[in-house]
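Please look over the structure below.

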Amino acid sequence: MSKTIRAAAAQLPGLPMASAKDSLGLIEEAIAEASRASANLVVLPECAYPAYHLGSVEAYRSANLLSSEGFVSQLCGWAKKCAITVVCGFVEDDGNNIHNSAIVIDSTGRECGRHRKCFLWGEDNGCFVRGEHLKPIETPIGKIGVIICADARAPETATSLTKQGAEIIAVPTCWVNVASRPEDYANAQAEFMIEARALECGVPFIAANKFGSENEDLSYCGWSQIVDAKGNVLSKAAPDKADILISEIRPKTPPKQNVPDWAVRRIFSACSPEIPNQEDLGLIKIAVVPSKLVSPLKEDEHGDDLFQRLAKRSVKIVSTSLHQTDVAEDLDMYGRSLGIDVIGYPFVERLMLESFGAFGCIESAHMNSFVPARTMALDGAAIIFVVGDAVPMSLLRTRAAENRVFIAAANTDSAALIGPAGNVIAQTSRETTEPIVAEIDLRESADKYVFPNTHVWEQRQPRIYAEAFDMLHIYHD
């Protein structure tokens, strides 16, 4: 598509299931308000009706609620009345199972398709049965891919949809506030993941979240957002109030990415992931160094060069960025003479082993695709080194968080060290004259839980990714 459409993201309050009638009114009004703002498309939150927190399947089925199909009928009527395409999350009861679903309805009130959440988060696992297919949904305004909340945690999900032609990704979500202090807000998806997904997929993303609390234990971070195909945030809501975001977006045909064949095959393989062995890992001091500080090595007034100074600080790994094989080999030999492993040149973009554990080394040009880093993590890497040009921070943080690994990235002028939660441990700027030096615990990379009852590898579904990419023959091998 080449035309521009006017998109809306409706941020609504999180209300308990007992207030489902109020939620119904808020949904109707949000659709009408988006229509009055001349939007062509409005995205509403995950489980907008009746609520996200159900307690149990029995509690949901015994409550005085519209049936899931009764709600869909209401939604179709509102979409038709307001002449707007609607994407809305809801609880779908098919008579056998409960699904965390989202529906797409066009401006004539016609149902175009549904998506069932594939990556279940926390208490999702106690109520919902996860989806088994990923297909973009055809609408008069373009092909819409739908992912629900934690679906965005697995990079294969959105990429599977764009591979099949999705031009827009809609994200009905209930991003939980995971901040440690009551007055703060934090959520990896809202802070950096959606920007990274838009950048790596090359299509716009529209994410609609809730704010406030559904109960004492469950609160949301707001921050609904509309992001363009280059990862630029066009509009973003506050964390604590209702809003209807409006931005113009251009549906895009995603660009083809050049990804090594060996990496693609691992993503669709049925082989179990390798999890780093905690007994083989531990605390280690690392330096992440812009290459301008490394080559050539300069002695200080005491006759010590940078590597000697780092060795005196008990640094065991130096991560930098080197462009010449001979320089990399010389520095590696020199570093080893001082008891330091120097990582700065991707001799082979595959898993490698050192005394500190398994690691990968990736050229920055390959970070736009999730596949190389994912492959190394699936094969047991505890840390991934990124060399070459600067990489957007949203991508670095996302590669760390989606795989639960450390990322050390260096280029000519700057460096960054990222933890397995996507947290920025340290970063430098162009003006820096000192490297990053930090002690990290590589055992953290062996913990693949991002939330209670939410294990990143157990939630992967390589079969449905292979199906979406027409690669089932690899999955079955």
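Which residues does E46 touch, not counting residues up to four places away in sequence? They are Y52, G89, N100, K117, D124, I148, C149, P172, T173, C174, A208 and K210, where contact means heavy atoms within 4.5 Å. This is a predicted model, in which local features need pLDDT of at least 70 and side-chain atom pairs count only at pLDDT 80 or more, while totals for chains, interfaces and linings use all residues. Residues are numbered from 1 along each chain as its sequence is written, and side-chain values use heavy atoms, with hydrogens and water left out.

- E46 sits in the loop that runs between strand 2 (41-43) and helix 2 (57-62); helices (H or I, at least four residues) and strands (E, at least two) are DSSP runs numbered from the N terminus.
- With 0% relative accessibility, E46 counts as buried (buried is under 20% relative accessible area, exposed over 50%, partly exposed in between; 1.4 Å probe, protein chains only).
- A polar atom of the E46 side chain lies 2.7 Å from the backbone nitrogen of C174.

- Four strands form an open sheet in the order 17-16-15-24, with mixed pairing; two strands pair if DSSP finds at least two bridges between them.
- Strand 17 (341-343) and strand 24 (436-441) are at the edges and have a single partner strand each, so one side of each lacks a neighbour in the sheet.
- On average, neighbouring strands of this sheet are turned by 25° against each other, direction ignored.
- Six bridges join strand 15 (residues 283-288) to strand 24 in the antiparallel sense.
- Opposite I284 stands I440 in strand 24.

**Helices 10 and 11**

- Helix 10 (residues 371-378) packs against helix 11 (residues 393-403) at an angle of about 30°, and their axes are 10 Å apart; axes are lines fitted to C-alpha atoms, for helices over the stretch in contact, and angles run from 0 to 180 degrees between N-to-C directions.
- Helix 10 is therefore roughly parallel to helix 11 (angles under 35 degrees count as roughly parallel).
- A373, R374 and A377 of helix 10 make the contact with R399, E402 and N403 of helix 11.

**The loop at R313**

- R313 lies in the loop between helix 8 (306-312) and strand 16 (317-319).
- Its relative accessible area is 45%, and R313 is partly exposed.
- Leaving aside neighbours within four places in sequence, R313 is in contact with K285 and V437.
- R313 and K285 are 28 residues apart along the chain, and their C-alpha atoms are separated by 8.6 Å.

How values were computed:
A polar contact is a pair of N or O atoms within 3.5 Å; within protein, one must be able to donate a hydrogen and the other to accept it, and residues adjacent in sequence count only if both atoms are side-chain atoms. Angles under 35 degrees count as roughly parallel, over 145 as roughly antiparallel, 65 to 115 as roughly perpendicular and the rest as oblique.
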